[in-house]
Amino acid sequence: MDFVSLFAEYAPLFLEATWVTLSLTAVSLVLAMVAGAVVAWMAMSAVRPLRWLATAYIGLVRGTPLITQIFIIYFGLAYVVTLPAFWAGALALAFHNSAYIAEIIRSGFQAVPKGLTEAARSLGMSRLKTLKRVQAPLALRTTLPVLGNQYIIAVKDSSLVAFIGMTELFRTSQNMAASTYQPLTSYVVVAIYYLAIVLVLTLLVNRLESRLSKHRRPEVQAKAKAKSEGVF
């Protein structure tokens, strides 16, 4: 059977697996963003033990392979609690990505000029209002490209949960290779699906980045300057 026929025949299975991959990645990234924000706050805290804990957490995650973390949560924790493969994979991916996201968030907030924060506080803004209206938007603009890269890495890393039996994209390609005896075709097909997901994600991140930085465009700056000078 030729490539196009196999691609069409297995399309329903791969589309179903794509949904599993996207669901797994989305759940893990939501959890990772929450955990990463907490770890970033700990890393920037004035309390020294909290900074030590954050440093240890990030070092532990960075120093161990993701596949090991997946196996510990799925097989190792089976003595205590049995998790479904989906949740074991989601927790492992969240644990892994949270450390990297924590570092991204921390670097984003540290890139915000202290003068802006102090100016907002001197204008009477509360600490929470300053965080919401000054620090968070500026940190988001700075970190968005790096966060987008981390999301793309998370999509590709999700293929490792195939080794705990989840029928996501990569596992589907393995099943296809086993049944058709055409491994090259199977892995090229799954590469096409991953590439399509990554391209869509890249497009979304680029559009969001462009929207957040539209105030930097020359025509917008010129319009704002003319408005301030009373031309309009």
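Q: What share of the 232 residues in the chain is buried?
A: Keep in mind that this is a predicted model. To count as buried, a residue needs a relative accessible area under 20%. Of the 232 residues in the chain, the buried share is 35%.

Q: Among contacts between residues at least 6 apart in sequence, what percentage join residues at least 24 apart?
A: A contact here means heavy atoms within 4.5 Å. Take the contacts in the chain between residues at least 6 apart in sequence, and the part joining residues at least 24 apart is 71%.

Q: Why do the buried residues of α2 line one face of the helix?
A: The buried residues in α2 are A54, I58 and V61. On the other side of α2 you'll find R48, W52, L53 and T55, which are exposed. Look down the axis of α2 and the buried ones line one face, because they fall within an arc of 65°.

Q: Which helices do the buried residues of α2 pack against?
A: The helix α2 has 15 residues and reaches 21 Å from its first C-alpha to its last, close to the expected 21 Å. Its buried residues, A54, I58 and V61, pack against α1 (3-44), α3 and α4.

Q: How wide an arc do the buried residues of α3 cover around the axis?
A: Helix α3 covers residues 66-74, and L66, Q69, I70 and I73 are buried there. They sit on the same side of α3, since their arc around the axis is only 100°. The cover over these buried residues includes α2 (48-62), α4 (85-110) and α6 (127-157).

Q: Where does α4 bend?
A: The 26 residues of α4 should span 38 Å at 1.5 Å a residue, and the end C-alpha atoms are 37 Å apart, which agrees. Still, α4 has a bend of about 30°, and the place is S98.

Q: How many aromatic pairs are there, and what type is the pair of F71 and F75?
A: With ring centres within 6.5 Å as the rule, the count comes to eight aromatic pairs. The rings of F71 and F75 have centres 5.2 Å apart and planes at 75°, so they are edge-to-face. Relative accessible area is 33% for F71 and 41% for F75, and each is partly exposed. So, eight pairs, with F71 and F75 being edge-to-face.

Q: Which helices does the pair of F170 and Y187 tie together?
A: The rings of F170 and Y187 are stacked, because their centres are 5.9 Å apart and their planes are at 20°. F170 is partly exposed at 23% relative accessibility, and Y187 is partly exposed at 35%. The two parts tied together are 17 residues apart in sequence: helix α7 (residues 169-180) and helix α8 (residues 183-212).

Q: What phi does Y181 have, and where is its place?
A: Most residues other than glycine have a negative phi. Y181 is not a glycine, yet its phi is positive. Y181 is exposed, at 71% relative accessibility. Its place is the loop between α7 and α8, and its phi is about 60°.

Conventions. Residues numbered from 1 in each chain as written. Predicted model: local features only at pLDDT ≥ 70, side-chain atom pairs only at ≥ 80, totals over all residues. Heavy atoms only, no water. Buried < 20%, exposed > 50% of the residue type's maximum accessible area, 1.4 Å probe, protein only. Helix = DSSP H or I, 4+ residues; strand = E, 2+ residues; numbered from the N terminus. Arc of directions from axis to C-beta. Phe/Tyr/Trp six-rings, centres within 6.5 Å; stacked < 30°, edge-to-face > 60°. Expected span 1.5 Å × (residues − 1). Bend = angle between axes of the 7 residues up to and from the residue.
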